[in-house]
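Student: I've got this one open on my screen and I'd like to go through it bit by bit. Can we start with the metal site and work outwards?

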Amino acid sequence: MSYFPNVNKIEFEGAKSDNPFAFRHYNADEIVLGKPMKEHLRFAVAYWHTLTQDGSDPFGMATNQRTWLTNDPLETAKNRVEAGFEFFTKLGVPFYCFHDVDIAPEGASLAESFKNQDVIVKLLKEQQEATGVKLLWNTANMFSNPRYVHGAASTSNADVFAYAAAQVKKALEVGKELGGENYVFWGGREGYESLLNTDMGLEQDNIARFFHMAKDYAREIGFDAQFLIEPKPKEPSKHQYDFDAATTMAFLQKYDLAKGFKLNLEANHATLAGHTFDHELNVARCYGALGSIDANQGDLLLGWDTDEFPTDLYAVTLAMHQILENGGIGRGGVNFDAKVRRASFEMDDLFLAHIAGMDTFARGLKAAARMKEAGFLDNLVADRYASFKTGVGADIVAGKMDFHSLSKYAMENDQITNTSTRLEFVKSRLNDFLF
Ligand code: XUL
Ligand code: CO
């Protein structure tokens, strides 16, 4: 049986096509800078938004029409696997991502929850083998259930810490079973509501202990996925410890975890932190920690995580520029952590939304590649910092200078000349690459 009988495999038809169920820009095998688009982009569908969420919001009930829903949660979960893989293959994405609770219903006990997962993981594995679609990453949801009201690894309740450990242990086993390329931690409730009753030092020490245990267990079972932390400044917590890329790297360095973890950066989380997405990618790049991205966009007029499908070509081009500068996304990918709007409730909207995101990323990749080929930003940056290539600048970079020698140099060269960055002209030229 088909869950999407109206939609055939989505094909590339070119920019002039007016078929809504076709790619106009994403052409999987087209070579860009020596590599097929599909390898640059490594797209993934997020199970939670596309297969599990129902369209409800704090003010209204579910709106999504989903033909896989039944009265039996485990039956529904089985249907979702079938529907999901039909969707992934028709869309032509190579990867998917999930939380444990997205794929299988929680049971009355931990043991029953694990049993439900086992039933579904078996089906996922069969579908992966039949279709070639792979797991980009999985994760454990340690924020929805009321038991996590005080946090998971940062909880004030040691029994909850243990429960969370059991949940992640299982998630790592599932990741291994399904050959996941990455494993993600997003600290949904790892933060605080009020400092009045919070031991911030203990909470952060405990999170670090938790991460070390997770790394140790993954090593023990031979699960060699890349470990990723996903920063977010707030929501649902008032303040989350993994505030942004820089804060998260400081945490990882403090606790001797920087070698074992990279970052999964999300566009809407960057803007919630008061940063642009490319800022976050650039920070990660400076640390050699750009692991993967969650592709979406927020609404600057709204102060929460709207998780819209990414269609802002300017922002996506700058993000793809960072990824190209990084030498690619490595074992990571472009995961659509994005949901259809509540009013886009029909099944086929799921295709239209992903096509919009994939086409935008294809355009962003091509625009960033055109900039690269023209040497546009490379030349501009090289010119701007040219003074560090020769003379005193080269000596500073080589570590040959100190305050004595610099002071002597400055006394002899104290008539400073600076040049304009002509940033307005640069921005106008940048627009020329966005087509
Ligand atoms: C929440 C969010 C999560 C993570 C995985 O804002 O982005 O879905 O990506 O837990
Ligand atoms: Co995310």
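Student: Which residues coordinate the cobalt ion (ligand 2)?

Tutor: Quick note before we start: this is a predicted model, where local features need pLDDT of at least 70, side-chain atom pairs count only at pLDDT 80 or more, and totals for chains, interfaces and linings use all residues. Residues are numbered from 1 along each chain as its sequence is written, chains are lettered from A and ligands numbered from 1 in the order in which they are written, and side-chain values use heavy atoms, with hydrogens and water left out. Donors are N, O and S atoms within 2.8 Å of the metal (3.2 Å for Na, K and Ca), and since water is not among the atoms, sites may look incomplete. Here the distances run from 1.9 to 2.1 Å, and the residues are Glu230 (OE), Glu266 (OE), Asp294 (OD) and Asp337 (OD).

Student: What arrangement do the six donor atoms around the cobalt ion make?

Tutor: Six donors count as octahedral if opposite ones are over 155 degrees apart and all others between 65 and 115. Ideal angles for six octahedral donors are 90 or 180 degrees. Around the cobalt ion (ligand 2) the angles go from 80 to 172°, which makes the arrangement octahedral.

Student: How are the donor residues of the cobalt ion spaced in sequence, and which strands hold Glu266 and Asp294?

Tutor: The spacing of the donor residues reads E-x35-E-x27-D-x42-D. Glu266 and Asp294 are 28 residues apart and link distant parts of the chain. Strands (E, at least two residues) and helices (H or I, at least four) are DSSP runs numbered from the N terminus. Glu266 belongs to β12 (residues 261–266) and Asp294 to β13 (residues 290–294).

Student: Are Glu266 and Asp294 buried or exposed?

Tutor: Buried means under 20% relative accessible area, exposed over 50%, and partly exposed in between (1.4 Å probe, protein chains only). By that rule, Glu266 and Asp294 are both buried.

Student: How much of ligand 1 does the protein bury?

Tutor: The residues around ligand 1 (those with a heavy atom within 4 Å) include Trp48, His99, Trp137 and Lys232. Polar side-chain atoms of Glu266 and Asp337 each lie 2.7 Å from an oxygen atom of ligand 1, while one of His269 lies 2.9 Å from an oxygen atom of ligand 1. Taken alone, ligand 1 exposes 290 Å² (Shrake-Rupley method, 1.4 Å probe). Of that, the protein buries 94%.

Student: Which side chain does Lys170 contact?

Tutor: Lys170 is in helix α6 (residues 158–177), and it counts as buried because its relative accessibility is 10%. A polar contact is a pair of N or O atoms within 3.5 Å; within protein, one must be able to donate a hydrogen and the other to accept it, and residues adjacent in sequence count only if both atoms are side-chain atoms. At 2.6 Å, the partner of Lys170 is Asp118.

Student: How many residues of α12 are buried?

Tutor: The end C-alpha atoms of α12 (residues 349–373) are 36 Å apart, which agrees with the 36 Å that its 25 residues should span. Gly375 follows α12 with a positive phi near 65°. The helix is mostly covered, and its buried count is 18 of 25.

Methods. Tetrahedral: all angles 85-135°; square planar, octahedral: opposite > 155°, others 65-115°. Expected span 1.5 Å × (residues − 1).
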